[in-house]
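My notes follow in the order I looked things up.

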Amino acid sequence: MKLPMLKVKIKLFATLQKDRFNIAEKEFKAGTTISDVMQDLNLPEKDVSIIFVNGRHSDQNYTIQNHDTIAFFPPIGGG
């Protein structure tokens, strides 16, 4: 049985946009986790410190749902 495809919107912020994109819509198979999305986008775990799904804090174990909006933020430096 073929798994359905899920459409999600992905937003990258700050340094994560370099050589990538700001906002994109992508499709993933049902059962895909945030960790899988990060691998697909070649986002190393050390480069992502905050993850939001639909405006709520999330983690890499979350299984994406159709029409989710996923936002990735890098570590924030200060001085």
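These entries go from the sheet to the core, then to single residues.

Entry 1: I am working from a predicted model. Five of them form an open sheet, and the order is 2-1-5-3-4. The pairing is mixed. I then looked for the edges. Strand 2 (23-29) and strand 4 (56-57) are the edge strands, each pairing on one side only.

Entry 2: Next I checked strand 1 against strand 5. They run parallel and share four bridges. I10 stands opposite I70 in strand 5. I noted both residues for the core.

**Entry 3: the core.** Which residues of the largest nonpolar core touch the most other members? I found I10, I34, L43, I64, I70 and F72, out of 17 residues in that core. I then asked which elements supply it. Strand 1 (5-12), helix 1 (34-40), strand 3 and strand 5 (69-73) each give two or more residues. Strand 1 gives the most, with four residues. As a general rule, nonpolar side chains in soluble globular proteins tend to be buried together.

**Entry 4: I10.** I listed the contacts of I10, leaving out neighbours within four places in sequence. They are F21, N22, I23, A24, K26, F28, V37, L41, I70 and F72. Where does L43 sit? I found it in the loop between helix 1 and strand 3. Is L43 buried or exposed? L43 counts as buried because its relative accessibility is 5%, and the cut-off for buried is under 20%. Away from residues up to four places off in sequence, L43 touches L12, L16, R20, M38, V48 and F72. I also took the C-alpha separation of L43 and R20. They are 23 residues apart in sequence and 10.0 Å apart in space.

**Entry 5: I51.** I51 is in strand 3 (residues 50-53). I51 counts as buried because its relative accessibility is 7%. Its contacts, again without residues up to four places away, are I34, M38, R56, H57, S58, D59, Q60, I70, A71 and F72. I34 is one of these contacts, and the C-alpha atoms of I51 and I34 are 8.7 Å apart. In sequence, 17 residues separate the two.

**Entry 6: cross-check.** I compared the contact lists.

Conventions: Residues are numbered from 1 along each chain as its sequence is written. This is a predicted model: local features need pLDDT of at least 70, side-chain atom pairs count only at pLDDT 80 or more; totals for chains, interfaces and linings use all residues. Side-chain values use heavy atoms; hydrogens and water are left out. Buried means under 20% relative accessible area, exposed over 50%, partly exposed in between (1.4 Å probe, protein chains only). Contact means heavy atoms within 4.5 Å. A nonpolar core is a set of buried Ala, Val, Leu, Ile, Met, Phe, Trp, Tyr and Cys residues joined through side-chain atoms within 4.5 Å. Two strands pair if DSSP finds at least two bridges between them.
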